[in-house]
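Here's a quick briefing for anyone opening this structure for the first time. Have a look at the picture, then read on.

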Amino acid sequence: MTTYSPDQLEKLINKYPRVRLTCLPTPLYRLENLSGELGLREMMVKRDDLTGLAFGGNKSRKLEFVLADALSQGADTIITWGSLQSNWCLQTAAAARRCGLKSILVLFKTYELSTPDQGNILIEKLLGAELRLVETETGGKSPDQEQAFRLLEEVASGERKNGRNPYLVSVGGSMTGGNMGKPLGALAYLMEMIEIARQTAGSGEPDYVIVATGSGGTQAGLVVGAKALGLSTRIVGICVSDRKEDFLPRVKKIAGELVETLGLRINIDDRDIILFDDYLGQGYGRVTPEISKIISTVLQKEALVLDPVYTGKAMIGLLDLSQKGYFSASDRIVFVHTGGTPALFAFADQLLS
Ligand SMILES: Cc1ncc(COP(=O)(O)O)c(C=O)c1O
C-alpha cells in the first residue's frame, strides 16, 4: 500500500482534460451553533452547493471532466437521464450551455409533483435544454443503467440521423458506460478530498466526512482520495434511495475503476465503504415531516439551506448518529453540502404541509 502526496495525486489527475466551470475551492467552515448543540468539537460544512455553476452542487465538479471528455470526442450534444427534479440533469444542461453544446435530458417520473415547472425543471427550460419526460413502470423506481442506456440510445440515434454527434453519460456521471469510459465523476471527488486535506492541514484531518450517496461517484472519489492520501478520515455515505447492500458493490466498483484508471497502489475493501440506510424515509424523492423539520432547523440555526432529497437526509443521518454516540466529542466532522437546493421550490407543498 502506497500513500501519495496531494501534488503527486494532482499530477495523475492532470492527465485528464478538464474545462473550468466552477469557483474552487469551496468554503469549509465550522457550524458554530450545531457543533455546540451536538457537543462536538468541530462540525464543519464543505459548501459544494457554492461551486458556482447554475446554483452549484457536487455535479459541477464532475462535469468539468465529463464535458472535457465529450469535447475531446467531438460531441455537440450531451444526453443523460435522471429523475424529475434531477440536480445532475440541471447541472449537465448548464455545463453543456457553457461549452456551447446542446443537452437532452431524459427525466423519469419516479414521483408526482403538483408544480411540475418549478425548481430544476424551471431552470432547465430557461436554459433551453430539451426535456423528455418518461413514465416509469417500476413503482417509482428509476430504471437500471442498462434500460436507461437503451432509451438514451434511441434518442441518440435520432440525433445522429440529423447529423449530430451525441455523448451519452449515465446519471450522476458516476458509473462508466455510454461514451464515458473512465469514472470521471469519482475523479473529481478525489480532487475534493485533496481540497479538504489542504483546507484542514493546519487544524488536523477530519475524522469523518458525511455525504449523501445517490449514484455513488461522490463517495467513491472521497474514499479513494482519503486512502491514497493516507488519511484516517472515514467517509460515511447516507443512502438516499437504495439499501446499503445495493450501494456497496456500486461504490466499490466505481472506486476500483478509479484506482485502476490512475494506477494507484492502494486497495479499497468493503470496510472502507461505510453506508447507512436507516434514513431512507419513505423512499427517494419523498418528503417526510422529518425532512421538513431538519431543513427548517438547520436554516434557523445556521442560515444554511439544505435540499429535500439528498442533503436533508444526510443531515438527519448525521444528527441521529451523533445522538446515538457514533462520534466522540473530540471528532472533527465535515458535512459535504452537495447542493440540490433548487429542488426545494418544487417540493414546496410537501415541505409546508
Ligand atoms: C444534491 C445531491 N447530493 C448528493 C448526490 C449524490 O451524489 P452521487 O450521485 O455522486 O452519489 C446527488 C446526486 O445524486 C445530488 O444531486
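A polar contact here is a pair of N or O atoms within 3.5 Å. With that cut-off in hand, a backbone N or O atom of Gly217 makes the list, since it lies 3.4 Å from an oxygen atom of the ligand. Keep in mind that this is a predicted model.

**Where the ligand sits**
- You'll find the ligand in the largest pocket.
- Around the ligand there are 16 residues, and Lys59, Lys62, Ser215, Thr218 and Thr338 come nearest.
- Helix H3 (58-72), strand E7 (208-213) and helix H8 (217-228) each bring at least two residues to the shell around the ligand.
- Among the contributors to that shell, H3 gives the most, with three residues.

**What touches the ligand's oxygen atoms**
- Lys62 has a polar side-chain atom 2.7 Å from an oxygen atom of the ligand.
- A polar backbone atom of Gly216 is 2.8 Å from an oxygen atom of the ligand.
- On its own the ligand has 380 Å² of accessible area, and the protein covers 97% of that.

**A look at Glu42**
- Glu42 belongs to strand E2, which runs over residues 42-47.
- Is Glu42 buried or exposed? Glu42 counts as buried because its relative accessibility is 17%, and the cut-off for buried is under 20%.
- The side chains of Glu42 and Arg332 are joined by a polar contact of 3.2 Å.
- Leaving out residues up to four places away in sequence, Glu42 touches Arg30, Ser35, Asp331, Arg332 and Ile333.

Key. Residues numbered from 1 in each chain as written. Predicted model: local features only at pLDDT ≥ 70, side-chain atom pairs only at ≥ 80, totals over all residues. Heavy atoms only, no water. Helix = DSSP H or I, 4+ residues; strand = E, 2+ residues; numbered from the N terminus. Buried < 20%, exposed > 50% of the residue type's maximum accessible area, 1.4 Å probe, protein only. Polar contact = N/O pair within 3.5 Å; in protein donor to acceptor, adjacent residues only side chain to side chain. Contact = heavy atoms within 4.5 Å. Near = heavy atom within 4 Å. Areas by Shrake-Rupley, 256 points an atom, 1.4 Å probe, with all protein chains shown as cover. 1 Å grid on protein atoms, 1.4 Å probe; cavity = no way out; pocket = protein on both sides within 12 Å on 5 of 7 lines; lining within 4 Å. Sits in = over half its atoms within 2 Å of the grid points.
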